[in-house]
Amino acid sequence: MSERPDRRHSPSAAKRAGWRRPASPPAETPPAGPPSTPQPAPAAAAAAPPSHHSVIDSAVYRDGRRIASPATLADTFRQLREEPDGMAWIGLHRPTEPELHSLAAEFNLHQLAVEDALEAHQRPKLERYGDTLFVVLRAARYLDAQEEVDFAELHIFVGPDFLITVRHGGAPDLSAVRRRMEANPDLLSLGPEAALYAILDAVVDGYAPVVEGVQTDIDEIETEVFRGDPTVSRRIYELSREMVEFQRATRPLVGMLHGLMAGFAKYGTDEELQRYLRDVADHVTHTSERVDVFRQALTDILTVNATLVSQQQNAEMRALAEAGFEQNEEIKKISAWAAILFAPTLVGTIYGMNFETMPELHWAGGYPFAILLMAVVCVSLYVIFKKRDWL
């Protein structure tokens, strides 16, 4: 963060005057005279910050203690102007464009950062715009019922005396973070950097249940693979995609936190807060390494599953081929015997026509000849089929 005097020992009104929109000047008394025609409301009034349900919580703190809980953004702006040593912490969930523009006008937020906060679908990153830090985080939570990982996006604006969070999704539970910080006013009195640390810590701590859930899923998948479950390939593919998203959420955090620690050290941020941030960086590094291991494990499992499926298919094809071969052998035997039995049937059919002009009808040796012919044909066919292994 930018260098600034200790807010607990010196006022910060002059500090804000250089970068924040000044308070509206007092209204002048109109001169005496005939009533004038009503004039339209000024543009500033027309652009007053709207009240919307997207404001989850808004508070003003002094020395780490909540002194006001304004109901609207306009009340928050006014209360902060009245507290030279105060700090505003504004929590939003899917805010509207007018709300973000009112915040940008009040706290001098950069337009590019505001556009990112509106669009969402950003990669985790850390950017500095003058005295303001813009941080994008990807929070994650493990859904036991669906056995899948749910990702959410969190945008944070951190200035000298304000912190604004913009959530796109259900995680993390920033109300719990706020309660934890309010229970430790000494830490919260260190300023917006302390609140930023608490949010980073909550996001990183939220990765631990995800890691445990994914580890359990991988163990179950390994069992299903060797059990031959036909649906395991789809589960491996879906979990691999989630690990790609998880890797995109955790890997950039390592560099971001090291850059943030370097900035904290450069600008003389409280040493205790730097130690806390180093602890968060260690957890992020450990989580990122675990995610890399998961991706490699899923790749190996997918390869093993493909090999097992291929082996199973080869075994099935071999069994089908053997069954087809045996079936062909039976068909050959049946065809051979059918041919053998067809020969005497053919001879008997010819001599059973009873035509008067047939020379063999009045031959005394016709019957023995027909029987002998049938026998010779049958034996000849049997010998031929036997030599060809049809019988």
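**A walk from a hairpin to a surface patch**

Let's start at a turn: strand 5 and strand 6 make a hairpin with four residues between them, and E147 in that turn has a positive phi of about 55°. Helices and strands here are DSSP runs numbered from the N terminus, with at least four residues (H or I) for a helix and at least two (E) for a strand. Please keep in mind that this is a predicted model, in which local features need pLDDT of at least 70 and side-chain atom pairs count only at pLDDT 80 or more, while totals for chains, interfaces and linings use all residues. Residues are numbered from 1 along each chain as its sequence is written, and side-chain values use heavy atoms, leaving out hydrogens and water.

How many of the twelve residues of strand 6 are buried? Ten are, leaving strand 6 (residues 148-159) mostly covered. Buried means under 20% relative accessible area, exposed means over 50%, and partly exposed lies in between (1.4 Å probe, protein chains only).

Next, visit the loop between helix 7 (185-188) and helix 8 (192-205), where S189 is found. S189 counts as buried because its relative accessible area is 7%. A polar atom of the S189 side chain lies 2.6 Å from the backbone oxygen of D186.

Now for the surface. W337, V379, Y382 and V383 form a nonpolar patch there, with about 370 Å² of accessible area together. Such a patch joins nonpolar side chains (Val, Leu, Ile, Met, Phe, Trp, Tyr) within 5 Å, from residues with over 30% relative accessible area and no salt bridge, the latter being a side-chain nitrogen of Lys or Arg within 4 Å of a carboxyl oxygen of Asp or Glu. Helix 12 (residues 366-387) supplies the largest share of the patch, three residues. V383 sits in helix 12 and counts as partly exposed because its relative accessibility is 38%.

Stepping back, the protein chain has twelve helices and seven strands, and 39% of its 391 residues count as buried.

Methods:
Patch = residues over 30% accessible without salt bridge, like charges linked within 9 Å, V, L, I, M, F, W, Y side chains within 5 Å. Areas by Shrake-Rupley, 256 points an atom, 1.4 Å probe, with all protein chains shown as cover. Pairing = 2+ DSSP bridges. Polar contact = N/O pair within 3.5 Å; in protein donor to acceptor, adjacent residues only side chain to side chain.
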